[in-house]
Amino acid sequence: MDVVDKDSAISRRQVLKVSVAAEAAGAPEKPVDRPEKASKRFLASMNCSQAICEVYGPSFGVPADVAGKMGTGFAGGMGLGSECGAVAGAVAVLGLKYGPDTGRTMVKVTEFIAEFRKRCGETSCSKLLKVDMGTAEGIKAAADKGLFTSVCPGYVKTAGEILDRMLV
């Protein structure tokens, strides 16, 4: 039997503890999977900001359920048709990554918004959907046109793709 230096050797208990924790956590999520996961999460919840926050929050120690609660009020342009909820959720995630360094966070937010506008043309929920999302009539029109299932998932996925690039 070989003699092992007790100070540098890893115990069987430590190996077991690490392997059990890894098994419980599952395989680490690949960042390339997150934009699609957020898009699918949106389709299940119909809340764009929650979808982004729930998928990206756990990477920063925020449990998905808590992150989802955090993103609730940003949907539909904060219920007013203003900033797209996927954009607002992404800004929250950037804050998790780069905050509390306000200067650095704001640079990243500015980069994110510029890239989202470049890809999508707008950041306003109402302008993106071409209906007034600040009114019940506008929300109904968006639903009647199928925008929540045909257009919004793409905006959520785009927000995720931009985030993935910025979070490395």
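Biologist: Before we look at anything, what does buried mean here?

Modeller: Buried means under 20% relative accessible area. Keep in mind that this is a predicted model.

Biologist: Thanks! How much of the chain counts as buried?

Modeller: Of its 168 residues, 38% count as buried.

Biologist: Can you show me one? Is Ser 39 buried or exposed?

Modeller: Ser 39 is buried, because its relative accessible area is 7%, and the limit is under 20%.

Biologist: And where does Ser 39 lie?

Modeller: You'll find Ser 39 in helix α2, which covers residues 34-45.

Biologist: Which residues is Ser 39 in contact with, leaving aside neighbours within four places in sequence?

Modeller: With those neighbours set aside, Ser 39 touches Pro 153, Val 156 and Lys 157.

Biologist: What about contacts across the chain in general? How many of those with a separation of 6 or more come from residues 24 or more positions apart?

Modeller: Residues 24 or more positions apart make up 63% of them.

Biologist: Let's step back. How many helices and strands does the chain have?

Modeller: There are eleven helices and zero strands. Read from the N terminus, the order of elements is α-α-α-α-α-α-α-α-α-α-α.

Biologist: Pick a pair for me. How do α3 and α4 pack?

Modeller: Helix α3 spans residues 48-56 and helix α4 spans residues 64-71; they pack at an angle of about 150°, and their axes are 7 Å apart. Angles over 145 degrees count as roughly antiparallel, so that is how α3 and α4 run relative to each other. The crossing of α3 past α4 is right-handed.

Biologist: Which residues make that contact?

Modeller: From α3 come Ser 49, Gln 50, Cys 53 and Glu 54, while α4 brings Ala 64, Ala 67, Gly 68, Met 70 and Gly 71. Sorted by type, the residues where α3 meets α4 are four nonpolar, four polar and one charged.

Biologist: I spotted Cys 53 there. How many disulfides are in the whole structure?

Modeller: Zero; that comes from a search of the whole structure.

Notes
Residues are numbered from 1 along each chain as its sequence is written. This is a predicted model: local features need pLDDT of at least 70, side-chain atom pairs count only at pLDDT 80 or more; totals for chains, interfaces and linings use all residues. Side-chain values use heavy atoms; hydrogens and water are left out. A disulfide is a pair of cysteine sulfur atoms within 2.5 Å. Helices (H or I, at least four residues) and strands (E, at least two) are DSSP runs, numbered from the N terminus. Buried means under 20% relative accessible area, exposed over 50%, partly exposed in between (1.4 Å probe, protein chains only). Contact means heavy atoms within 4.5 Å. Axes are lines fitted to C-alpha atoms, for helices over the stretch in contact, and angles run from 0 to 180 degrees between N-to-C directions. Angles under 35 degrees count as roughly parallel, over 145 as roughly antiparallel, 65 to 115 as roughly perpendicular and the rest as oblique. A crossing is left-handed if the near helix is turned anticlockwise from the far one by less than a right angle, and right-handed if clockwise. Ala, Val, Leu, Ile, Met, Phe, Trp, Tyr, Cys and Pro count as nonpolar, Asp, Glu, Lys and Arg as charged, and the others, Gly among them, as polar.
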